[in-house]
Amino acid sequence: SSAASDVYKRQVYMLHYISLVISIYHNIFMNLLGKMKMFDSNNNMFVIIAIVTLVIGGLVGYIVLGSDTEEKIVEVEKTEEVDNFLYINGAGASFPFPLVSNMIEKYFETHDTVRINYQSIGSGGGVRQHTAKTIHFGMSDSPLKDSQFDQAPNSLHIPITIGSVVIPYNLPGVDTGMHLTGELVADIFLGKVTKWNDPVITALNPEIDLPDKAIVVVHRSDGSGTSFIFTSWLAEVSADWNEAVGAGKAVEWPTGLGAAGNEGVAGVVTSNEYTIGYIELAYAIQNDVPVAAIQNLEGNFIMPSLETASAAAAGAGEGLPAGKDTWSKVEILNSPGVNSYPIVSFSYMLLYQELNVIPDMDMEKAKALLEFTWWAIHEGQELGPALEYVPLPDAAVSINEVTLKSITFNGQAVL
């Protein structure tokens with residue numbers, strides 16, 4: 001496995017080298033092209049520059065592609081001989097991506113023959129690919145609806161973590177902690193409150209000098225579990241929102257700009273003044289963006305953090321369903337508690353009860369997939385707090401253990 005890892009690193013270095021050479025050649029070419037325009041009346045100069053360009057291009061092609069062809073063929077054959085990796089592919093929610101990517105990196109340190117690839121494409125994409133069976137596991141922040149269960153029978157929910165959705169904003173001179181209520185956030189995203197110095201906002205924040213500037217709303221453009229969590233919360237705290245928009249991974253946004261992924265929304269907010277959006281807490285920390293203190297069920301304005309999310313999730317293990325049952329009724333939004341942050345939710349891994357329905361699955365891959373998942377719900381939970389994710393409650397871990405032990409390949413138990 002050490003030899004395979006070295007080959008993998010050499011391949012990565014070669015790709016970086018090729019990119020660098022191409023970049024250098026591009027700059028040379030563009031410089032020459034500029035000179036051509038300066039001397040377009042001089043045919044001799046044109047010919048000389050054309051020849052120089054072709055010579056450089058030939059040399060680059062020779063260096064990158066042509067030199068030592070026989071050795072390169074041997075290298076490919078050696079790579080194939082030592083490439084004994086097991087490749088596991090997953091895709092879906094961006095909400096847990098910072099944690100999942102850390103889990104994968106940590107797991108590889110002690111399981112270096114297993115390569116796990118996870119693409120952050122949004123919960124909607126994760127559910128679609130899980131249903132189409134083009135990935136080994138999906139991830140979604142919103143549990144499957146009954147209609148989705150019908151399209152992907154024998155699907156299982158594996159709660160993988162608990163996280164917070166936060167309200168980031170970009171107001172020059174305004175630090176983190178601006179007070180917002182759920183009803184006010186709903187009115188902003190409905191397009192009813194359109195200025196930062198609206199009387200409702202200033203009444204909640206008398207100590208802040210709010211600008212007479214238009215509020216720019218930023219929302220997700222893709223099918224998103226983060227949107228599902230956020231809109232579900234808005235539907236609970238605002239009758240107007242519930243009636244006009246409702247809850248879902250993809251809704252008809254009354255106003256605002258769309259961006260893909262938590263990464264996209266965070267990027268738009270951090271780079272544009274007078275914006276407001278919604279993202280998972282880890283993305284706010286990574287981007288060092290101010291976030292609002294949100295009024296909870298007890299009337300207190302609570303900042304999102306590991307402690308306040310943990311307070312909200314304190315009762316999350318009670319009455320949870322089995323992995324094979326629907327989780328559509330499970331939520332921990334607006335949890336009671338003096339210090340509970342109100343926008344907190346599970347994020348789920350999606351697997352199949354019988355793994356032979358996935359076209360490229362075999363027993364070896366099935367075992368690698370479930371061993372990683374078992375590690376993720378146990379040792380992997382230790383990585384959560386550093387990224388402000390709440391470790392799973394014991395009850396959820398126990399349910400996951402039963403679920404994973406029930407999974408088969410060709411009728412044979414995998415674990």
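Axes here are lines fitted to C-alpha atoms, for helices over the stretch in contact, and angles run from 0 to 180 degrees between N-to-C directions. I am working on a predicted model, in which local features need pLDDT of at least 70, side-chain atom pairs count only at pLDDT 80 or more, and totals for chains, interfaces and linings use all residues. Residues are numbered from 1 along each chain as its sequence is written, and side-chain values use heavy atoms, with hydrogens and water left out.

**Helix pair.** I looked up α14 (residues 363-377) and α15 (residues 394-405); their axes come within 10 Å and cross at roughly 170 degrees. Helices (H or I, at least four residues) and strands (E, at least two) are DSSP runs, numbered from the N terminus. The crossing makes α14 roughly antiparallel to α15, a label for angles over 145 degrees. From α14, Leu370, Thr373, Trp374 and Ile377 meet Val397, Asn400, Glu401, Leu404 and Lys405 of α15; contact means heavy atoms within 4.5 Å. I sorted the residues of this contact into five nonpolar, two polar and two charged (nonpolar: Ala, Val, Leu, Ile, Met, Phe, Trp, Tyr, Cys and Pro; charged: Asp, Glu, Lys and Arg; polar: the others, Gly among them).

**Six-stranded sheet.** Next I traced an open sheet with the order β2-β1-β3-β13-β4-β10 and mixed pairing; two strands pair if DSSP finds at least two bridges between them. β2 (114-120) and β10 (279-280) are the edges with a single partner strand each, so one side of each has no neighbour in the sheet. Helix α4 (residues 97-110) packs on this sheet, touching β2, β3 and β4, and its direction makes about 170 degrees with that of β2. α15 lies across β4 and β13, at about 145 degrees to β4.

β1 (residues 86-92) runs parallel to β3 over three bridges, with Gly92 opposite Met139. β3 (residues 137-140) pairs with β13 in the antiparallel sense, also over three bridges, and Ser140 faces Tyr348. I found nine bridges between β4 (residues 155-166) and β13, again antiparallel, with Ser155 opposite Tyr352.

**Strand β13.** In β13 (residues 344-352), nine of nine residues are buried, meaning under 20% relative accessible area with a 1.4 Å probe, protein chains only. Val344, Phe346, Tyr348, Leu350 and Tyr352 point one way, and Ser345, Ser347, Met349 and Leu351 the other.

**Four-stranded sheet.** Last, I checked the open sheet β5-β9-β7-β8, whose pairing is mixed. Its edge strands are β5 (169-170) and β8 (257-259). β5 joins β9 (residues 275-276) by two antiparallel bridges, and Asn170 has Thr275 as its bridge partner.

Note on methods: Buried < 20%, exposed > 50% of the residue type's maximum accessible area, 1.4 Å probe, protein only. Parallel < 35°, antiparallel > 145°, perpendicular 65-115°, else oblique.
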